[in-house]
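User: I should like to learn how to read the features of a protein model. Could we work through them in turn, with the general idea before each case?

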Amino acid sequence: MINKEVVKTLVEEWLQGNDYFLVDVVFGADDRIIVEIDHADGVWIEDCAALSRFVQERLGEELDDYELEVGSAGIGQPFKVPQQYVNHIGKEVEVLTAEGIKVKGILKSVDGETFVITVQEKQKQEGKKRPVMVDVDKTYNMNQIKYTKYLLSFK
């Protein structure tokens with residue numbers, strides 16, 4: 001019988017020796033199996049097709065009742081695994097805190113389940129009449145936020 005763990009095991013077998021990593025495996029209500037993979041330099045359609053063929057060959061007739069869809073984790077979608085944070089270090093991200101506050105900044109570092117973003121905040125400085133913008137590092141735990149996602153910029 002096909003289940004999420006069987007598919008994950010097969011995908012991880014194919015991923016061995018590749019720079020790709022597994023983001024998620026979802027079983028949809030309409031008998032669809034959706035496999036999301038990612039790569040630091042983007043995902044190539046040829047590799048999605050190769051992974052799809054690999055899973056189909058291994059599962060054979062068991063897969064007949066399902067529609068298999070292999071693709072990349074969508075750009076601009078919330079991060080699901082720590083490797084996505086690592087791949088976006090130095091890029092602008094948006095964090096939605098558990099309290100519902102959106103914070104935008106540059107992803108500075110990732111350490112286990114925590115990450116740091118640099119944001120600009122107005123701060124009053126001694127000798128200045130008006131507040132000035134300064135860079136402030138904020139640390140978050142991946143498990144204590146609603147989401148983090150890459151902000152696409154067309155500048």
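Analyst: Let us begin with contact, which means heavy atoms within 4.5 Å. This is a predicted model, in which local features need pLDDT of at least 70 and side-chain atom pairs count only at pLDDT 80 or more, whereas totals for chains, interfaces and linings use all residues. Residues are numbered from 1 along each chain as its sequence is written, and side-chain values use heavy atoms, with hydrogens and water left out.

User: Which residues is Val35 in contact with, leaving aside its neighbours within four places in sequence?

Analyst: Val35 is in contact with Val7, Val11, Leu22, Asp24, Val25, Leu51, Leu68, Glu69, Val70 and Gly71. Val35 is found in strand 2; helices (H or I, at least four residues) and strands (E, at least two) are DSSP runs, numbered from the N terminus.

User: Is Val35 buried or exposed?

Analyst: Buried means under 20% relative accessible area, exposed over 50%, and partly exposed in between, using a 1.4 Å probe and protein chains only. With a relative accessible area of 0%, Val35 is buried.

User: How is the length of a helix checked, and what is found for helix 2?

Analyst: The expected span is 1.5 Å times one less than the number of residues. Helix 2 (residues 45-59) has 15 residues and should therefore span 21 Å; its end C-alpha atoms are 21 Å apart, in agreement. The buried residues of this helix are Cys48, Leu51, Ser52, Phe54, Val55 and Leu59. Seen down the axis of helix 2, these buried residues fall within an arc of 160 degrees, so they line one face; the arc is that of the directions from the helix axis to the C-beta atoms. The face turned away from the buried side carries the exposed residues Glu46 and Glu57. The buried residues of helix 2 pack against helix 1 (4-15), strand 2 (32-38) and strand 3 (67-72). Gly60, with a positive phi near 55 degrees, follows helix 2.

User: Which residues are buried in helix 1, and what covers them?

Analyst: Val7, Leu10, Val11, Trp14 and Leu15 are buried in helix 1. Viewed down the axis of helix 1, they fall within an arc of 140 degrees, so they line one face of the helix. What covers them includes strand 1, strand 2 and helix 2. Helix 1 has twelve residues and reaches 16 Å from its first C-alpha to its last, close to the 16 Å expected at 1.5 Å a residue.

User: What caps the N-terminal end of helix 1?

Analyst: A polar contact is a pair of N or O atoms within 3.5 Å; within protein, one must be able to donate a hydrogen and the other to accept it, and residues adjacent in sequence count only if both atoms are side-chain atoms. Asn3 is the cap, with a side-chain oxygen 3.0 Å from the backbone nitrogen of Glu5. Another side-chain to backbone case is His39, which reaches the backbone nitrogen of Asp41 at 2.9 Å. His39 lies in the loop between strand 2 and helix 2 and is buried, with a relative accessible area of 15%.

User: How many salt bridges does the structure hold?

Analyst: Side chains of opposite charge can pair when their charged atoms come close. A salt bridge is a side-chain nitrogen of Lys or Arg within 4 Å of a carboxyl oxygen of Asp or Glu. The structure holds eight. One of them joins Arg58 and Glu13, the closest N and O atoms being 3.9 Å apart. Arg58 lies in helix 2 and Glu13 in helix 1, so the pair ties together parts that are 45 residues apart in sequence.

User: How many aromatic pairs does the count come to?

Analyst: Rings of Phe, Tyr and Trp (its six-membered ring) pair if their centres lie within 6.5 Å; planes under 30 degrees apart count as stacked, over 60 as edge-to-face and the rest as tilted. By this rule the count comes to five. The rings of Phe27 and Tyr66 have centres 5.9 Å apart and planes at 85 degrees, so this pair is edge-to-face. Ring pairs also link Phe79, Tyr85, Phe115 and Tyr140 into a cluster.
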